[in-house]
Amino acid sequence: MKLYHGSTEIVIHPEIRQPGRTLDYGSGFYTTTDFRQAAIRR
């Protein structure tokens, strides 16, 4: 499965950590299977 994220950095092995808070969409590493959704628009 290919996953994309909106960044200019290539992340080969992202770290999976347990959250300290239970908020949705807090700090984290979000991915999508849709390249267009992750594309950076300048």
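A helix here is a DSSP run of H or I at least four residues long, and helices are numbered from the N terminus. The model is predicted, and I will go through it one site at a time.

I'll start with arginine 36. Is arginine 36 buried or exposed? Its relative accessible area is 61%, and the cut-off for exposed is over 50%, so arginine 36 counts as exposed.

Which residue does arginine 36 form a salt bridge with? The partner is aspartate 34, and the closest N and O atoms are 3.5 Å apart. Side chains of opposite charge can pair when their charged atoms come close. Aspartate 34 has 28% relative accessibility, which lies between the limits of 20% and 50%, so it is partly exposed. The count for the model is 1 salt bridge.

Phenylalanine 35 is next. Its relative accessible area is 54%, over the 50% limit, and therefore phenylalanine 35 is also classed as exposed. Glycine 6 comes up again: its C-alpha and that of phenylalanine 35 are separated by 9.0 Å, for a sequence separation of 29 residues.

Now the segment before α1, where the helix itself spans 35-38. Threonine 32 lies in that segment. Why does threonine 32 count as buried? Because its relative accessible area is 14%, and buried means under 20%. The side chain of threonine 32 makes a polar contact of 2.5 Å with the side chain of glutamine 37. Neighbours within four places in sequence aside, threonine 32 is in contact with Lys2, Leu3 and Tyr4, and also with Gln37 and Ala38.

Glutamate 15 is in the segment before α1 as well. Here the relative accessibility is 59%, over 50%, so glutamate 15 is exposed. From glutamate 15 to phenylalanine 29 the C-alpha distance is 8.9 Å, across 14 residues of sequence.

Last, the pocket. Rolling a probe the size of a water molecule over the atoms shows where empty space is left. How much space lies in the second largest pocket? The value is about 240 Å³. Its lining includes Leu3, Tyr4 and Ala38, and those three are also among the contacts of threonine 32. Phe35 and Phe29 are in the lining too, along with residues including His5, Ser7 and Thr31. By class, the lining has 9 nonpolar residues and 3 polar ones, with no charged residues.

To recap: arginine 36 is paired with aspartate 34 in a salt bridge, threonine 32 is buried, and phenylalanine 35 is exposed while also lining the second largest pocket. That is what I have.

Note on methods:
Residues numbered from 1 in each chain as written. Predicted model: local features only at pLDDT ≥ 70, side-chain atom pairs only at ≥ 80, totals over all residues. Heavy atoms only, no water. Helix = DSSP H or I, 4+ residues; strand = E, 2+ residues; numbered from the N terminus. Buried < 20%, exposed > 50% of the residue type's maximum accessible area, 1.4 Å probe, protein only. Polar contact = N/O pair within 3.5 Å; in protein donor to acceptor, adjacent residues only side chain to side chain. Contact = heavy atoms within 4.5 Å. 1 Å grid on protein atoms, 1.4 Å probe; cavity = no way out; pocket = protein on both sides within 12 Å on 5 of 7 lines; lining within 4 Å. Points joined across faces, edges and corners; volume = space filled by probe spheres on them. Nonpolar A, V, L, I, M, F, W, Y, C, P; charged D, E, K, R; others polar. Salt bridge = Lys/Arg side-chain N within 4 Å of Asp/Glu carboxyl O.
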